[in-house]
Each structure stands twice: as structure tokens, then as C-alpha cells.
Amino acid sequence: MAVSQLIGARVQRREDPRLITGHGRFIEDHTLPGLTHMAVVRSPHPHARVLGIDASAATALPGVLAVFTAVDFHRILSGTMPVTPSFAPEKKYVPGRFPIADQEVCFQGEPVAVVVATDRYQAADAVDLVHVTYAPLPAVVDPEVALRPDSAKAHVDGPDNIGWDMTYDGGDIEAAFAKAEIRVTERILQQRLAPTAMETRGVMASYSPYDEQLTVWLSSQNPHFIRLFVSGAMGIPESRVRGVSPDVGGGFGSKISPYPEDYLVPAASKLLGRPVRWIETRTESIMTTIHGRGQVFTAEAAALRDGTLLGLRLTQVLDLGAYHGTFGAFQACACLMAGGVYRWEAIQARTIGVLTNKVPTDPYRGAGRPEGTHLCERMVDRVAQELGMDPVEIRRKNFAREFPFMNNFGLTYDSGNYDGTLDRALELSDYQGWRRRQEEARGQGRLVGIGVSTWVEICGLGPSQPTAAATGGIALVEAAQIRFLPSGSVAAYVGTHAHGQGHDTTFSQIIADTLGVPLDAVDLRHGDTAEGPSFGYGTYGSRSLAVGGMALLTASNQILDKARRLAAHLLEAAPDDLEFTAGAFSVKGNPQASKTIQEVAFAAYGAGLPEGMEQGLEAVSHFDPPNFVWPFGAHICVVEVDRETGAVEIQSYTAVDDCGNVINPMIVEGQLHGGIAQSVAQALFEEVVYDHESGQLVTATMLDYLVPTINEMPVPTLDRTVTPSPTNSLGVKGIGEAGTIAASAAVINAVCDALGPLGIHHVDMPASPDRIWQLMQEARR
Amino acid sequence: MIPAAFEYSRATSVKQAVAQLGAAGPEGKVIAGGQSLLPLMRLRLSQPTYLVDVNGVRELDYIHPDGQFLRVGAMSRHVTLARSEVVRAQLPLLAEMASQVGDAQVRTRGTLGGVFAHADAAGDYPTLAVMLDATVVTDRRRIPAREFFQHLFTTALESDELVCEVVFPIARGPHRYLKFRRRLYDWAIVGAAVQQLDSGWRVGLTHMGPTPVRATGVEERLSAGAAPPEACAAAADGLEPPSDVRASAAYRRHLAQVLTRRALEQAA
């Protein structure tokens with residue numbers, strides 16, 4: 001690597017001037033001549049038979065071009081939507097999902113028909129005029145109820161509601177529990193969350209019948225996968241389908257998996273012979289975009305009286321919704337990460353995926369790791385509380401300290417220094433001072449609590465062997481292509497997708513440093529399957545830098561290798577006799593003999609190349625990492641609970657994280673701010689609520705689904721330690737999900753610490769004032 | 001998020017607005033700031049066939065002190081009320097409420113008349129109007145506030161009747177409005193307003209039922225010399241607040257007591 005000037009620097013985000021002045025181009029900013037507009041007729045029932053669809057009034061409305069139902073779409077689309085093995089490869093029951101319901105609707109919001117009209121208003125009016133006759137069926141809303149033998153079935157033809165039921169055994173759990181001096185049990189809820197990206201989903205498609213070309217613009221985190229799925233369903237060669245995911249206003253995992261509309265819009269374009277666009281409304285988004293979390297854990301921890309952790313036994317009941325999300329079983333990784341940063345003799349984790357009559361769940365920022373961390377950190381606190389130990393002391397007693405560290409399930413943490421982040425967090429948060437202030441407050445009858453969360457995550461998906469097994473074939477490596485153009489600018493293509501992550505800045509920093517060119521000379525491109533490498537693997541699982549960044553680095557180094565050989569030829573020296581600094585090759589000991597990389601690039605397109613060297617200066621690289629990466633950290637939250645109203649106010653929030661080497665500290669801090677906010681939102685505010693009787697979504701607007709604002713957010717105090725990853729030569733780990741993984745446990749541990757004197761030992765999320773008041777009422781009785 | 005079709009006209013006088021409303025028929029609606037109506041229309045929960053835009057009715061944009069009363073024109077924006085020297089001097093509790101309505105956009109667009117005509121159970125000004133016995137003046141009559149609010153989103157207004165003015169009694173004494181919210185910009189889960197008059201304390205509650213209520217039980221106990229904690233135990237007496245996704249009825253009843261007591265303790 002060249003002398004590093006940009007890597008590690010607080011380079012301002014290059015994408016921001018465009019985005020924050022309103023010049024981004026999202027799906028609704030794209031249009032085509034002759035564009036038509038689609039709206040979706042959705043089931044108002046959680047479960048019903050579709051007896052008939054009368055579209056005559058709708059089709060008679062001016063401007064309405066067509067109403068299509070499953071019958072029409074069966075002519076264009078084949079197969080069912082994909083379900084991957086992920087972390088629950090042994091599925092018991094996978095109901096087939098066609099993008100539009102035929103005879104049975106299984107959740108409120110499931111598509112039953114689409115209207116295409118010449119404008120969006122007409123399409124919306126026509127939706128109200130499509131008369132669908134339903135015969136309601138018994139619905140099941142609660143996943144624990146769905147497990148009972150006498151439960152209503154989410155699908156009438158299903159054997160039961162059990163999607164999977166498997167147990168991960170990590171060590172001899174009976175032996176570990178046999179040594180127990182104390183045991184604690186807890187039931188921990190992970191409420192359903194709506195991802196609520198600022199830009200809702202949207203799809204625009206144009207099918208050209210003459211050359212059988214399909215172009216799909218969609219708001220996606222991984223357009224290559226969507227192209228793969230849609231081309232397969234439509235029977236069009238993958239090479240004739242172009243997927244474009246332009247500026248995307250946030251994803252948080254909700255734009256990974258394919259959705260019904262990803263198929264219905266292209267199919268409608270083919271049926272109609274015109275371009276079609278569909279933009280999701282906010283209510284559709286809360287109702288039909290995947291939900292995150294939706295899990296109920298029961299856990300038992302065994303320990304010695306001195307605080308030594310022995311065993312952890314848990315069951316995850318995962319609310320799948322009406323169908324398996326494509327990566328729904330990824331959330332079972334909560335089981336594999338339930339041991340956190342600690343040494344346990346054994347962990348046994350049973351995961352049960354349960355079908356209910358609700359929209360499917362799928363990965364949402366953290367996806368399984370926030371749930372695993374929350375569970376582990378709550379259980380460790382519960383053990384400490386039973387023993388009267390300080391939560392810091394029990395953590396120190398059980399930290400893993402030798403790396404690589406293999407956890408109970410054979411996963412190998414690449415590097416770590418858990419004491420380091422905890423020490424710094426204690427110092428930065430004034431932990432001892434807060435403990436003193438807490439005592440004083442308690443003396444005054446005030447409820448102050450301090451919560452600690454020491455976390456680790458598995459990210460940087462991923463090595464080819466396990467990830468190919470998890471997807472059912474395609475490894476989640478990453479590809480990059482770099483083209484050094486004759487006049488000295490560099491076009492870089494990467495298969496990840498930025499939708500807030502700032503890759504345009506950070507990836508360009510890596511390329512510019514490596515190739516010795518100015519940052520402005522690098523143009524980073526992504527999101528269009530028509531350019532760059534043959535396949536891209538998308539952005540999720542905090543993978544882009546540790547995998548995609550490495551692909552860019554290796555492609556840059558390949559460019560540099562060729563440039564060095566060419567420069568040596570031009571300078572009549574041996575390649576090994578050249579040194580590369582500040583963007584120029586020079587002969588060692590003779591700095592006058594030098595060629596800038598731009599001169600070399602120009603020469604690469606000319607005559608007189610060395611024997612056997614082809615023209616051009618470009619490279620493609622796929623990076624297959626040897627392991628995942630394992631960032632970690634320590635978060636400390638201080639809250640005060642209003643003794644009368646139950647309202648929680650965060651007094652202080654400190655996060656010390658370690659994601660290895662850092663390309664751009666400002667971007668890392670931004671990711672942490674956002675991640676912590678999203679997790680505080682889960683801890684205190686957000687919850688998707690369905691009426692348990694009717695199965696109706698109650699929180700269908702932003703009035704009732706409580707996404708907090710900047711006014712409700714703490715300003716976290718941040719710091720870092722640096723423990724480079726040995727997994728990649730950049731020494732980097734992921735940070736995109738870290739805040740979300742760490743924070744809910746810190747907040748809830750603090751709330752429970754505050755309420756401990758009242759005899760309250762656990763509070764579920766969201767820890768709303770009403771819920772806390774109820775607990776305080778019960779505790780008084 | 002796509003409203004149903006509607007017709008639209010713009011009025012520049014009360015007379016014109018009433019005539020246009022009359023022509024619009026029973027499905028016509030007045031639009032002023034639009035901060036409550038438009039979200040409902042976007043969700044198609046409200047589907048008026050005709051909108052009469054009164055933003056150009058300048059004659060209703062005023063704040064006049066008038067003897068023992070403060071006359072506030074219906075087109076007064078929240079931000080204007082919050083900043084008005086006259087309001088802050090003559091009825092500071094109204095300015096305090098105005099400064100806490102929604103967010104900056106809502107306060108800039110939303111109007112006092114709109115809040116009254118919309119009659120959301122969580123609206124703030126209606127509580128003040130009911131507890132102080134204000135009068136709502138329309139294009140054709142004067143309606144006591146306690147008779148104006150009939151039920152959830154239901155008022156005494158005829159379909160072609162326009163709110164023109166609200167007449168509040170002047171009150172300069174100690175006061176406070178506390179509303180309990182999950183997020184700063186939310187509607188009140190419960191609100192409690194207190195105002196000391198020469199005749200004693202007035203106490204009003206927001207979102208403790210379909211219409212604003214005057215907590216006379218608390219007022220009477222205070223008059224009889226009870227301390228705030230004792231008086232406030234009566235705050236929720238006889239009330240049946242809603243249970244919804246934000247809060248249970250029992251919690252609302254508890255909040256009414258806590259907020260009323262705190263408002264009395266903090267009144268200045």
C-alpha cells in the first residue's frame with residue numbers, strides 16, 4: 001500500500017452535497033415515456049379464502065388500463081419466492097409463496113390484485129372499486145399460541161404452524177447445569193419492529209417484447225440477487241435483465257429479500273406492454289415490508305456463587321409471519337451468539353420458527369445479533385443481581401481473553417480486547433461517579449439506573465463455505481472491478497450497495513491511497529447490474545468494507561502490479577527496483593527516473609508494451625475472506641425513571657467500540673449514532689402491534705408507530721480502541737450494525753437497575769411509561 | 001397516502017367562505033392550515049368532496065384585547081399566538097399551549113380555528129376554552145365552548161358554518177399546562193391545565209374523554225382548602241378516558257392526577 005494519507009482521515013462524505021440538497025435520484029425520481037402506475041389491492045383480513053374478485057367497476061374508471069390477478073400473473077411468473085437455509089437448514093414446513101394470493105390470503109396486506117392506470121391517483125381510486133369477496137378463516141397472531149396443537153393454522157392446508165424446530169448443542173449442558181450453585185430464568189420478548197426506511201420501497205420496470213429485455217429499477221440493497229430471482233421467475237435469461245438500484249433512502253435489512261412487487265411490477269409491464277411504476281405508501285410499508293425481531297426467548301443460566309458462568313439454556317420462538325422470509329432463518333443466529341463475550345462451559349439453544357398470520361419477519365439491522373446480545377446481557381445481569389455482584393465484576397470474571405477464541409458453537413472470534421473497551425467506557429462514563437450519584441438519588445427516593453452492555457458480533461459475511469451453505473448455493477463473497485482510464489481517472493465498480501453507508505467516500509479513500517491518485521480522480525459506482533463485475537452480493541451484515549473493501553483493495557493491487565511492470569519497462573528497470581510513492585514509480589536511488597501512475601496508465605493504452613502484455617489497465621477481483629470479523633465494545637447507559645409516571649429519561653450514554661482499523665472515523669461515528677438511535681428506539685419506543693383478536697395491524701401510521709426523533713435521543717459519548725482484524729489485510733471489521741446490537745441491552749439493563757429497589761427484575765421492550773407503571777403497580781401489591 | 005378526488009375553491013371573506021360551503025353541500029370541508037385534515041385525507045379516513053380554502057380570509061387573522069376578554073381570530077396561527085405580546089400579557093396560558101403544539105411546521109401552518117373545528121380529543125386549546133368558559137363565535141352565532149364540543153371530532157357546527165373567533169376571558173394569574181407525550185411532537189396522551197382566577201383555580205384535562213373536561217372536583221377541593229396532592233386525587237373522578245396503543249385507561253387516570261398536581265405545584 002502507498003503512504004497512507006486518506007485512509008484513517010476524516011474525509012467529508014462526498015455524496016452529501018448531492019443528497020442533502022435534494023439532488024438524489026430515488027425510484028420515484030425515475031420516469032419513462034409512457035409510464036403507467038400500479039397500485040395493489042390488499043387483503044384486509046389476516047386470514048381468509050378469496051371467493052371471487054369483481055374488477056368491473058374498477059376497469060370502468062377513466063384512466064384504468066388493467067386489473068390483474070393471480071390468474072394473469074401465473075401466465076408470466078413461475079415458481080415460488082425463495083427461502084434460504086440460513087441458520088435453520090432443517091425446515092419442517094415451508095408454505096409456497098407466489099407473489100400474489102390465489103385462493104387464500106394469509107396476512108393483512110397480502111396482494112390479491114393490482115390496478116394499473118395512467119396516473120397514481122386513478123390507480124388509488126380504482127383499488128377502492130375492486131370488489132373482493134372473502135370468507136374469513138380463523139387466524140393466529142401470537143407465535144406461542146400458534147405452537148399449541150389446537151391452534152388455528154396460518155395456512156389451512158399446512159400440517160401445523162411449525163416452520164422449523166432444531167437445537168444447537170454447544171457442549172455438555174447437563175454437566176454444566178449439574179455444577180450450578182445458582183440458576184436464574186427469564187422470559188425475554190423481542191417485539192416486532194418496522195424498519196421504516198425514509199424512502200419506502202418502489203419498483204419501476206420496462207419490458208421490451210421485441211428483444212426480450214427487462215430493466216427493473218428498484219430500491220434494493222442487492223440488485224444482483226433480485227435480478228437472479230426475477231429473471232428466473234419470468235424465464236428471461238439473467239443476461240437480458242438489468243437491475244438498477246439507484247440512490248436508496250435507507251434499508252436496514254428490509255431491502256435485501258425479494259418482495260411480491262419486485263415480480264409483479266415487471267410482470268405487469270410484460271402483460272401490458274408499457275413501463276410500470278409502483279411506489280409503496282407509508283402504511284403499506286409498515287404493513288407489508290418485512291418486520292424485524294418478533295421473538296420470544298425463555299432462558300435459564302447456571303453459575304457458581306463466585307460469578308463463574310457455567311451454562312445457558314434457551315429457546316427462541318421466532319414469529320415467522322405467514323411465510324418464511326427469504327433470509328428469515330438468519331435470525332436464528334441469535335442462538336449461536338447467545339454466549340456473547342463470555343466463556344461458558346455449555347450452551348444449548350433451541351430455535352422454533354412459527355408461522356402466524358402476519359407479514360413475514362426477516363433480517364433487520366443486526367438480525368439475530370441484537371436479540372442474542374440482549375438475551376445474554378440480560379441473563380448475565382440477572383445472575384449478577386442474584387449474587388449481589390456489580391455487573392462490571394461479573395463481566396470481567398467471564399470475559400474471553402485468548403484469541404482466536406472459539407465459542408461453544410465452533411465459531412472463531414478473530415481478535416478482541418474486551419477489557420480494553422470496558423476500561424475505557426468505565427472511565428469515559430464516570431461509572432464510579434454515577435454509582436455514587438445513584439446511591440444519593442436512591443436516598444432521595446429517585447430511581448436512577450446504570451446499565452452495561454459488553455457485546456461482540458459476527459459480521460463481514462462472509463467466507464464462501466458457510467455462506468454458500470446458508471444461501472443454498474451462492475457464496476457471499478464480494479467482487480470489484482477497477483478501470484484506470486487513459487486520461488488518468490479511475491472508475492471503480494463494486495458489488496456492494498450504499499444506501500447511507502458512505503461508500504462513495506470510504507471506498508474511494510482506499511482506492512485513492514492504494515493507486516496514489518487524488519480522491520477526486522476516483523469515481524465509485526454500484527447498484528447497476530449492467531456494469532462492473534458479473535455478480536454483486538449487496539450490502540447487509542456489516543460486510544461491505546471487510547469484504548467489498550478488500551475486493552477493491554485486491555483489484556487496486558492488481559492494477560498496481562501491472563502498472564509496475566509497465567513502468568519498469570518504460571524506465572528500463574526491473575520491477576523490483578521500482579518504488580511507488582506519491583503516485584509515481586521511480587527507480588530506487590535515481591528519483592529523476594520516474595513515471596506517474598497517470599503516465600503509466602496512458603501508456604497502457606498505447607504501443608510498445610512489454611512482450612506478452614495486453615493493452616488496458618483494469619482488474620476484477622473476488623474476495624473470499626477466511627473468516628467472519630468480530631467487532632466488539634462496551635456501552636454504558638444511565639437512566640432515571642420517573643417514579644410516578646414510569647417515564648424513562650436517558651441521562652448519559654457512552655459507547656466504546658472496536659472495529660479494528662478505521663478508514664474514516666467520521667463515518668464510523670455516524671454509523672454508531674444511527675445504530676444506537678435505532679436500538680434505543682427498540683428499547684423505549686417502537687413496537688408493531690396487532691390486535692390479538694382481529695389480527696388487524698394497529699400501528700399502521702407514523703402517528704402510532706413511534707419512531708423517535710432527535711428530541712428523544714441521547715447524544716452518545718463515543719470512543720474507540722483499535723484491535724486490528726487478522727482476517728483481512730486492511731485489519732478492518734464492520735460497524736454498521738454495532739450500535740443496534742449493543743444499545744438495547746445497555747438501556748434495559750439500566751432501567752432494570754433503576755427499578756431493582758422496587759423488586760422489579762426485568763422489563764420487556766419497549767419499556768414504555770405505561771408498561772413500567774404497570775410493573776410498579778404490581779410490585780407494590 | 002393518495003387522497004380521494006375533491007374540488008377546491010379559495011375564499012377571501014367570511015361571506016364568500018360560507019357561500020362556498022353552502023354550495024359544497026354536506027361533504028364540503030373548510031381547509032385552513034391543513035395539519036390535521038390533510039393527513040386524514042391522505043389515509044382516506046376523511047374524503048371530503050369539496051374543500052373551501054380560508055387561508056385568504058384575512059379578516060379572521062387578529063388578536064384583540066376587549067375589556068375583560070381576549071378575542072382571537074380563527075385564522076391566528078399557533079406561532080403567532082405563541083409569540084404575541086398581547087397573548088403573553090393577557091392570557092399567557094394560551095401562549096404556553098401554542099408554543100407546545102406539534103412541531104415548527106405545524107405551528108407555522110396550523111390555526112386556532114382549525115383546532116376548534118377539528119375537535120380532536122387530544123387538542124390543547126379546547127381544554128383551555130372549556131375550563132375558562134370561552135365562547136366560540138361563528139358566522140351566525142355564539143356558542144359556549146362547553147356546548148361546542150359534542151363528541152370525538154364532532155362539534156355544534158352546521159356543515160356550512162365557519163368558526164370565526166374564540167373569546168377567552170383574560171387571565172393573568174399563575175398557570176401551567178403539562179402534557180404527557182412519548183415524543184416531543186406528539187399529541188398529548190393526557191394534558192392538564194391549571195389557571196388561577198380571582199374566583200379560584202380552574203383545572204382542565206386533555207384527552208381524558210371524547211371532549212375536553214373541566215376537573216370541577218379538583219377545583220372544589222382546592223376551594224375548600226385542600227392541598228394539591230389531596231385535591232388532585234379527584235382529577236379523574238367520573239371520567240372514562242380511552243384505552244389505546246399509547247396508554248391504558250387506568251394509566252391515563254393515574255396521569256391525570258399526577259399531571260394536575262404537578263401543574264398546580266409548578267404554576268407561576
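**Domains and a sheet**

Domain 1 of chain B and domain 2 of chain B bury about 1200 Å² between them (accessible area, 1.4 Å probe, lost on putting two parts together, summed over both), with 67% of it on carbon and sulfur atoms. This is a predicted model, with pLDDT of at least 70 required for local features and 80 or more for side-chain atom pairs, while totals for chains, interfaces and linings use all residues. Residues count from 1 along each chain as written, chains are lettered from A and ligands numbered from 1 in the order written, and side-chain values use heavy atoms, without hydrogens and water.

Reader: Which three residues supply 42% of the area that domain 1 of chain B buries against domain 2 of chain B?

Author: The contact (heavy atoms within 4.5 Å) takes 14 residues from domain 1 of chain B and 18 residues from domain 2 of chain B. No other three residues of domain 1 give more than this trio: B:V14, B:V18 and B:Q35.

Reader: How many salt bridges are there between domain 1 of chain B and domain 2 of chain B?

Author: The rule asks for a side-chain nitrogen of Lys or Arg within 4 Å of a carboxyl oxygen of Asp or Glu. Between domain 1 of chain B and domain 2 of chain B, the count is zero.

Reader: What is the order of the open sheet of three strands in chain A?

Author: Strands are DSSP E runs of at least two residues, numbered from the N terminus, and they pair with at least two bridges. The edge strands are β22 (578-581) and β24 (590-596) of chain A. Pairing is antiparallel, and the order is β22-β23-β24.

Technical notes. Helices (H or I, at least four residues) and strands (E, at least two) are DSSP runs, numbered from the N terminus.
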